[in-house]
Amino acid sequence: MSHKIELTVFDTTATANEAIALGNPTDHPIATPLDPGPLSAPDEAREREYSSWACTYRGSPPVVGATQFVIGADPHNFTSGAAFTIFYERNLLQVCVENDVLDDPEEGLPISVVNAAVEQVQWESSPLTTKVQFHTAADGSYVFRTTTASSHQGLDLEKGLVLPENTPTFPHIDLSSLRPTHKVTDSIYVIKVSHGPAVFKRLDYGSMQEVNFFFDLPKVDFLLRPTHLVVDDRRRGCGLLLPYHRALSLSLTLDRHHPDAAKVVLSPAVAAPSDSSSSTRPTLISPLVKTAWIADVAATVAWLHKQNMTWDDLKTSNIVVCEDGHCRGIDYAPFGTTVKWNPPEAAQPGPRTTAADVFALGLVIWAVCMEVGEFERQQEYVCPVLVWNQAAPDWLRTLAARCVLDEPEKRPRVDVYDAILTERSRRKQ
């Protein structure tokens, strides 16, 4: 294991040109161009003045809620626009808007209330957030009370990491200097900076421990390291700047080839598969390229484990298909997980283990073979049935099945990468 974890994985049997052609579309067919319209708003609120909608709730069922949005923002400038936060709580009235919203949070605050708030209160222009307390009166009228206004940064609203006075000397870049051109997800944007395109990843709920981890990790070719910490005018950490690669994530690259395919649902191993859509899913990417990508990911996991670290949030959306056709990891800090990629033992409290990473690696092997970027699990924390098609090679099926075994001690360890190298060498002979 010692000598093989260097860069042997990039001695791929797939041609670089083939991998790049599959993984790097021109322009941005998988990202949403930013235009003067809203970035994300409810269907009934698609008015050009509102953007950057976000709703948060507390309690189960919810007893309080907040709706955040920006008015008059320039989508190509993160620091533009005036931000609103409308707060509301469960009302003693049996029938009222706020109770309806809290009973059905997916509906969100009606645009009629949003419009009324903007019209009736005195609000501050950028860079302040106007906070409004809202409730429905006994006569059915809307009552708004402006509380306080605090600084905001456009699309980031009030989120951000307060930096301590003794912040390490990371490379910094001002949020105001970023010019977003495409929205990839709610937290990831393609942006323009002075030296060209880059990727901005918002750091909504991060910690200094996480930021320190990213910048302190030794440089290695398996991982994409942040280049800068993005800060706002209040010296808050707003996000990380990452190198730009046209294909973006492995998840988007895989799903791009199947834009009309139904969402794949993995059934628990204790039940018969309820969804066989993946078994009839055509595979369009060369097996050599897919094997090379799997080897890249397995090598990354092996390297992290060799450093006595776990990935924790290994998934296809945290793997980037780079310009050279190879895959590299992002979000490899051990500070969070995604439930549908978790093994059964993750349902119990306790430290994350390397076996949990191996479980997620098994799902990545299956996803790459079947060209499934995103999927759902019918039952969380239960080993799933991996449904395959005829094109998936038997040795990768066997390897993935070993990785997702219910008992952590029965899963392979670093020999996942060894097994891939051994099989590839055997097939070359």
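Leaving aside residues up to four places away in sequence, Leu314 is in contact with Val297, Val301, Ile319, Trp341, Asp357, Ala360, Leu361 and Val364. That's a handy place to start in this predicted model, since Leu314 is listed with Trp293 and Trp366 as the residues with the most contacts inside the largest nonpolar core. This core has 70 residues. Helix H7, residues 354-370, supplies the largest share of them, twelve residues. Apart from this core lies another, of 22 residues, and Tyr50, Trp53, Val101 and Val118 are among its members. As general background, nonpolar side chains in soluble globular proteins tend to be buried together.

Let's zoom out for a moment. The protein has nine helices and 17 strands, and 54% of its 429 residues are buried. If you take the contacts between residues at least 6 apart in sequence, 65% of them join residues at least 24 apart.

Now back to H7. The helix has 17 residues and reaches 24 Å from its first C-alpha to its last, close to the 24 Å expected at 1.5 Å a residue. How many of the 17 residues of H7 are buried? The count is 16, so H7 is mostly covered, taking buried to mean under 20% relative accessible area.

What comes after H7? The helix is followed by Glu371, whose phi is positive, near 60°. Glu371 is found in the loop between H7 and strand E17 (375-377). Is Glu371 buried or exposed? Its relative accessible area is 0%, and the cut-off for buried is under 20%, so this charged residue counts as buried.

For backbone geometry of another kind, go to Ser60 and Pro61, which are joined by a cis peptide bond with omega at about 0°. Pro61 is found in the loop between strand E2 (50-58) and strand E3 (64-71).

Follow the chain on into E3 and you get to Gln68. Gln68 counts as buried because its relative accessibility is 9%, below the 20% limit. Gln68 and Thr129 are 61 residues apart in sequence, yet their C-alpha atoms are 9.4 Å apart in space.

At 0% relative accessibility, Val113 counts as buried. Which residues does Val113 touch, not counting those up to four places away in sequence? They are Val97, Phe134, Tyr142 and Phe144. One of these, Phe134, is 21 residues from Val113 in sequence, with 8.9 Å from C-alpha to C-alpha.

Lys183 gives one more pairing. This residue is in strand E9 (residues 179-183) and is buried, with a relative accessible area of 10%. The C-alpha atoms of Lys183 and Val199 are separated by 9.9 Å, while the two residues are 16 apart along the chain.

Finally, the open space. About 730 Å³ lies in the largest pocket. Its lining has 34 residues, and those nearest the centre of the pocket are Ser187, Ile188, Lys201, Asn318 and Asp331. Where does the lining of the largest pocket come from? Strand E11 (196-202), helix H4 (208-216), strand E13 (236-242) and helix H5 (250-256) each supply at least two residues. E11 gives the most, with three residues. Sorted by class, the lining has 17 nonpolar, nine polar and eight charged residues.

How values were computed:
Residues numbered from 1 in each chain as written. Predicted model: local features only at pLDDT ≥ 70, side-chain atom pairs only at ≥ 80, totals over all residues. Heavy atoms only, no water. Buried < 20%, exposed > 50% of the residue type's maximum accessible area, 1.4 Å probe, protein only. Contact = heavy atoms within 4.5 Å. Core = buried A, V, L, I, M, F, W, Y, C linked by side-chain atoms within 4.5 Å. Helix = DSSP H or I, 4+ residues; strand = E, 2+ residues; numbered from the N terminus. Expected span 1.5 Å × (residues − 1). 1 Å grid on protein atoms, 1.4 Å probe; cavity = no way out; pocket = protein on both sides within 12 Å on 5 of 7 lines; lining within 4 Å. Points joined across faces, edges and corners; volume = space filled by probe spheres on them.
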